[in-house]
Amino acid sequence: MTSPAAHDCYVDLHLHTTWSDGRWTPRRVVEEAVTANLAAIAITDHDVLGGLAEAQTAAAEHGVALLPGIELTADWHGRTVHMLGYGIDPANERLVAALDRGREIMATHVDAVLAALEAAGTPLTLDHLKGIRTRYASGAALVLAMVQQGVLRKAKNGASLLKLASQEPRAYTAAEAIDLIHAAGGLAVLAHPARTIKNRPHLPADELRPLADAGLDGIEVWQIIHRPREREHYAAVADELGLLVTGGSDCHGPRSKDGARIGSQQVPYAVYELLLERLTAHP
């Protein structure tokens, strides 16, 4: 595909498919990108890589540039952060092993919560979790299923059970997630930074500097939850820390609760080009 003029085209570098919690298959995401006239996209499913092969095939057929990606769920001082990985090798053994370990840790957590629910007389099964779109059976799926099944009303200790379910274990820290992405040949970008700490949408550069020191490559600036003020703030933070800026719609399909729509953020093609330049410079 010939590189379009940067000022004429847009990209969307934060998209999810049915392999994690999206409602479109990888092929459908690519087709929607074509409809939206996007020049390049990145598939960034939560903690899974399975959708990339189908997306790459469809992108080649439709002439859309595709950046293979992932969104790792990590721990940062007791908080959950999401680390986007761009240009990764899906077959990288370290990354694959870390994802497998995360799945095993989560399965142990799910089993423990299901046992606690059984003991409380409000049993749930894995079948209750299957209809909930998450990367695999997880704490988030447990919480949604407990709400749907009325566990808070039925169990005397419903609140404590809900808290137990929501305390998802993390397989890696933010720094370890950055290292895993680098090991897989990719660039690590902090997703939706305004959501990192509740009620503190404008984190200062000094607070994020430890992540930059750990090798963070960029910050997501264009984002559905970022208003113009947040975009301006995090663009300035990225400049101060010497980081790339990226962006995307965080689209999960046609009925996203937050209203995210593919291509809605109008991320300039030049953002994608800078990512490619950095990836080429550090193979």
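Predicted model: local features only at pLDDT ≥ 70, side-chain atom pairs only at ≥ 80, totals over all residues.
Close-up 1. T18 belongs to the loop that lies between β1 (10-15) and α1. When its neighbours within four places in sequence are left aside, T18 is in contact with R23, W24, T25, P26 and R133. V29 stands 11 residues from T18 in sequence, and the C-alpha atoms of T18 and V29 are 9.7 Å apart in space.

**Close-up 2. D45 in the loop between β2 and α2.** D45 is found in the loop that lies between strand β2 and helix α2, and with a relative accessibility of 2% D45 counts as buried. The side chain of D45 makes a polar contact, at 2.7 Å, with the side chain of T17. Not counting residues up to four places away in sequence, D45 touches L15, H16, T17, W19, S20, I70 and E71.

Close-up 3. Helix α2 spans residues 52-62, and its buried residues are L52, A55, A58 and A59. Viewed down the axis of α2, these buried residues fall within an arc of 130°, so they line one face of the helix. An α-helix has 3.6 residues a turn, so residues three or four places apart point the same way. The buried residues of α2 pack against α1 (26-35), β2 (38-43) and β3 (65-76), whereas A53, A60 and E61, on the other side of α2, are exposed. Just after the helix, G63 takes a positive phi of about 70°.

**Close-up 4. The eight-stranded sheet and helix α8.** Eight strands form an open sheet of mixed pairing, in the order β7-β6-β5-β4-β3-β2-β1-β8. Its edge strands are β7 (244-247) and β8 (267-268), each of which pairs on one side only. Helix α8 (residues 174-183) packs on the sheet and touches β3, β4 and β5, while its direction makes about 10° with that of β4.

**Close-up 5. Strand β5 and its partners β4 and β6.** Strand β4 (residues 79-86) and strand β5 (residues 187-190) run antiparallel and are joined by four bridges, with L84 standing opposite V189 in β5. Strands β5 and β6, by contrast, run parallel and are joined by two bridges, and here L190 stands opposite I219 in β6. Strand β6 (residues 218-222) is mostly covered, five of its five residues being buried.

**Close-up 6. The nonpolar cores and the surroundings of L72.** In soluble globular proteins, nonpolar side chains tend to be buried together. The largest nonpolar core of this model has 73 residues, and those with the most contacts inside it are I41, L72, M83, Y172, L208 and L216. Strand β3 contributes seven residues, the largest share of this core. Not counting residues up to four places away in sequence, L72 touches D47, V81, H82, M83, L95, L99, Y172, A177 and I181. A second, separate core has 18 residues, among them V48, V113, Y136 and A165.

Terms used. Residues numbered from 1 in each chain as written. Heavy atoms only, no water. Buried < 20%, exposed > 50% of the residue type's maximum accessible area, 1.4 Å probe, protein only. Arc of directions from axis to C-beta. Contact = heavy atoms within 4.5 Å. Polar contact = N/O pair within 3.5 Å; in protein donor to acceptor, adjacent residues only side chain to side chain. Pairing = 2+ DSSP bridges. Axes fitted to C-alpha atoms, helices over the stretch in contact; angles between N-to-C directions. Core = buried A, V, L, I, M, F, W, Y, C linked by side-chain atoms within 4.5 Å.
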